[in-house]
Structure formats: C-alpha cells, structure tokens
Amino acid sequence: LDCRHSSMEVKVMNHRPSEHASKRIVKASKKLSWLLRHGAGEVGLTMDEAGWAPISEVLEHLGIDRQGLEEVAQQNDKARLQIDGQRVRACQGHSLAGMPVTREALEATWARFEGGLSIWHGTNVPAAVMIAHSGIDAGARTHVHLAPTSKSKVGKRFNTPVLLEVSVGKLRGEGLDVFESPNGVVLVRQVPPSCIIGLETTTKKANLRRGELRGLYGIAGAA
C-alpha cells in the first residue's frame with residue numbers, strides 16, 4: 001500500500017480545545033511522538049520498516065481510546081502523524097538505532113521533492129560554524145530535516161537564529177535523493193558543505209556574526 005496516495009493525511013482541527021483538554025492532548029501527543037519515533041523498539045511495539053504500527057497496540061501503550069488518538073493527531077500543529085485505517089505512524093523524525101525503521105523503507109513511502117531550487121535548514125551560530133566544515137548529518141535520526149521555504153513552519157525549529165540555504169541541484173549532483181514527507185518536511189540523508197549556497201541571520205546577536213559566517217561558507221557578500 002502506497003501511503004502517498006491511499007493514506008488519510010490528518011488535518012488540523014478548526015476549533016480550539018479547552019485548557020484542560022489542551023494539557024491532556026499535549027501530554028498524550030508527546031508520549032505518542034516518542035513511541036512512534038523513538039520508543040517502539042524499547043517497549044516492544046509492533047512496527048514495520050516504514051514506521052507503521054497497529055493502532056490497537058498504540059492505544060494500549062498510551063492508555064487512550066481511538067477518539068483520543070484522532071484528537072491528538074488532529075491537534076498536532078505540524079501534522080506529524082498519519083492514520084491509515086487500523087495503523088498509524090509518525091511522518092518523519094525517527095531514530096535509527098533501536099527502531100525497526102530503515103531509511104530505504106521510509107524513502108519508498110515519501111514523495112520525491114518537486115519544489116523550488118533551494119531548501120532551508122535552521123540552526124544556531126555555533127552549529128553553523130561546525131556545519132561550514134563538516135556539513136549537516138542526521139545524527140541519531142534517519143534523515144536531515146529541511147524546510148521547503150525560509151518561512152515554513154515545518155522542517156526547522158521555530159525562530160532559529162541562522163538559516164542555511166541548500167541547493168537541491170547540488171544535492172542531486174552529489175548523488176543524494178531529496179524527499180518530501182506527507183506533512184511537507186523535506187528530507188535528505190546528509191548535506192555536504194558544498195551544497196550550502198546561502199546564509200541568513202534572524203536575530204540581533206546572530207546578525208553581528210553574519211559576515212563571519214558567510215565568509216566560512218565562501219558566500220558572496222560576506223562583508
């Protein structure tokens with residue numbers, strides 16, 4: 001079953017829950033996110049290589065009912081969860097070690113990225129200095145997360161002080177496939193330094209080092 005065409009993509013609900021309900025949803029959401037992205041192997045949750053788990057088992061681990069699961073999924077502001085019949089998964093963000101997922105199986109369920117020429121990665125100043133020399137690796141996760149535009153809510157952390165512009169063409173030139181998850185996050189296994197073509201800063205403190213950082217990347221207009 002190809003989830004790109006057949007699975008139900010969860011939408012954000014239009015109404016706001018009560019304060020009590022919001023706290024309950026946030027607590028359940030955090031536990032569900034950990035379970036589906038990082039904890040399945042640890043707790044013995046049945047999961048396939050593409051991250052799909054039986055809803056019945058997930059409900060048992062969380063101690064909630066199907067309605068509660070639907071509510072958690074619908075209230076997630078980045079639509080991180082997919083529900084397809086009697087199974088559920090996190091769209092992306094899985095740990096590689098200790099989890100049943102594989103890069104190959106996840107990539108087989110994602111679409112090839114067909115967006116713009118550039119994608120974006122949010123980070124901080126110390127990390128940007130390191131990335132200039134070593135590039136961006138996925139660390140403990142399966143893939144590096146990037147955003148389709150510099151204004152996107154998905155694919156980067158909120159209000160990051162440094163935005164790195166990455167060339168899609170250069171990634172492909174390095175033999176790296178670029179994917180997009182059902183909730184719009186752009187994913188690649190790694191980003192070599194040579195694929196980073198631009199840098200923007202978003203805070204006063206980071207602005208003071210913008211010229212220095214651009215110089216590290218050999219970006220025109222570093223001064």
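**First stop: helix α9**

Among the elements that cover the buried residues of α9 are α6 (125-134), β9 (162-167) and β13 (196-201), so colour those in as contacts, meaning heavy atoms within 4.5 Å. Keep in mind as you click around that this is a predicted model.

Now select α9 itself, residues 210-217, and show the side chains of Leu213, Arg214 and Tyr217: these are buried. Turn the view until you look down the axis of α9. The spacing makes sense: an α-helix has 3.6 residues a turn, so residues three or four places apart point the same way. Step off the end of α9 and you land on Gly218, which has a positive phi, near 65 degrees.

**Next stop: helix α3**

Jump to residues 55-62, which make up α3, and pick out Ile55, Val58, Leu59 and Leu62, which are buried. Look down this axis too: the buried residues of α3 fall within an arc of 100 degrees, so they line one face of the helix. What is on the face turned away from the buried side of α3? There you'll find Ser56 and Glu60, both exposed. After α3 comes Gly63, and its phi is positive, near 75 degrees.

Select Cys91, which is buried at a relative accessible area of 1%. Then try Cys195: it is buried as well, with 0% relative accessibility. How many disulfides are there? With sulfur pairs required to lie within 2.5 Å, the count is 0.

Key. Residues numbered from 1 in each chain as written. Predicted model: local features only at pLDDT ≥ 70, side-chain atom pairs only at ≥ 80, totals over all residues. Heavy atoms only, no water. Buried < 20%, exposed > 50% of the residue type's maximum accessible area, 1.4 Å probe, protein only. Helix = DSSP H or I, 4+ residues; strand = E, 2+ residues; numbered from the N terminus. Arc of directions from axis to C-beta.
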